[in-house]
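Hello,

Here is the structure I promised to pass on.

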Amino acid sequence: MCYGPMKPRLNFLGIIPRVSSARFSAKEAYRLIYRTYLQDGFFSLWRGNSATMVRVIPYAAIQFCAHEQYKSLLGDYYGFQGKVLPPLPRLLAGSMAGITAAMLTYPLDMVRARMAVTPKEMYSNILHVFVRISREEGLKTLYRGFTPTILGVVPYAGLSFFTYETLKKLHAERSGRAQPYSYERLAFGACAGLISQSASYPLDVVRRRMQTAGVTGHTYGTILGTMREIMSEEGVIRGLYKGLSMNWVKGPIAVGISFTTFDLTQILLRKLHEMGYTSR
C-alpha cells in the first residue's frame, strides 16, 4: 500500500493503533506523541521512517511502472491502446500493479513495522532488524502477514488507481481540458486514498498484527484466526477499524502527492523527450 515518508508522526501513529489491543482515540494519539517524546526524545517520532523511505522508493517506482505496463497490455487486449481503459480493466491494472510492488518489497514493510513498535534499544538499524529476525525467528518470519497484505492490496491499489483515473476521465469530459491542474490532481488523489484505504483497512490491521506478533506477545497464525481474535477481544469497529481516523488524515495526503508527483514527472519527461533531451 501507499505509505510515504512525508508524514512521519502520522505514519508512526498509523501503525501503533493497528498493533495494539488497547482502545485508541485522537486524544490518546496526542498523549502517545507526548509520552514518546518524553521517554525517547523528539526524533523517536521518526523511528522507522528510514525503513519507510527505503521501502517506499522501490515500492512506488515498481507500482507506477507496473501500472503503465499493465495499462498498455490490457489496452492492447481490449482494443483501447492509448485511451482510458474501461472500468474493469482499469481496476485490474491497479490491482496487478499493487500486487507486483508488494511482492517485491514485502520484507522491507515487515522491517518498517517492527522498527515502529519496538524500543530503540532493540534494533539499531534496518540491517540489524533483518539479522535478528532471521536468526531468532527464522527467514519465513520476514514474510509473516504476506497473505493478508496481498489480499488487502488488491482492493487498495485497484480502487486507488481506478478512482484517480476515473476522476481524471470525468474531469476531461466535463471541463474540455485534457490535463487537470495540479490542485485538481491532488484532490483526485486524495479521494482515491480515502476510498481505497477505507475499503482495505481491516486487512491492513490483520497484516500489522501478524507482522509484529513476535514482539507484542501474541501468536497470530492465520488471517481468519487473527480477525476472530481481534473481534472477540476488541469488537468489529474498535478492533478492525482502530486508527482509521488517523489514516484518513495521512492517506489522502500521501496518495494525492504520489499521484500528482508521478503525473507531473511523466509530463516533464515527455516534454524533454520531445525536445530531444532524453532518449528511450
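I223 sits in helix 9, which covers residues 223-234. Please keep in mind that this is a predicted model. With a relative accessible area of 16%, I223 falls under the 20% cut-off and is therefore buried. Setting aside neighbours within four places in sequence, its contacts are T147, P148, L151, L203 and V206. R209 lies 14 residues from I223 in sequence, and their C-alpha atoms are 9.9 Å apart.

**The nonpolar cores**

I223 also belongs to the largest nonpolar core, which has 11 residues, including V206, M210, A213, Y220 and M227. Helix 7 (182-211) and helix 9 are the elements that give two or more residues to this core, and helix 7 gives the most, with 4. As for Y220, it touches R209, M210, A213, T226 and E229, leaving out residues up to four places away in sequence. Another core, of 9 residues, lies apart from this one, and Y156, Y164, V255 and F262 are among its members.

**Helix 6 against helix 11**

How do helix 6 and helix 11 cross? The axes of helix 6 (residues 146-175) and helix 11 (residues 244-274) come within 12 Å and cross at roughly 60 degrees, so the two helices are oblique to each other. The crossing is right-handed. Helix 6 brings Y156, S160, F161, Y164 and K168 to the contact, while helix 11 brings V255, F259, T260 and D263. By type, these residues divide into 5 nonpolar, 2 polar and 2 charged.

Best wishes

Methods: Residues numbered from 1 in each chain as written. Predicted model: local features only at pLDDT ≥ 70, side-chain atom pairs only at ≥ 80, totals over all residues. Heavy atoms only, no water. Axes fitted to C-alpha atoms, helices over the stretch in contact; angles between N-to-C directions. Parallel < 35°, antiparallel > 145°, perpendicular 65-115°, else oblique. Left-handed = near helix turned anticlockwise from the far one by under 90°. Contact = heavy atoms within 4.5 Å. Nonpolar A, V, L, I, M, F, W, Y, C, P; charged D, E, K, R; others polar. Buried < 20%, exposed > 50% of the residue type's maximum accessible area, 1.4 Å probe, protein only. Core = buried A, V, L, I, M, F, W, Y, C linked by side-chain atoms within 4.5 Å.
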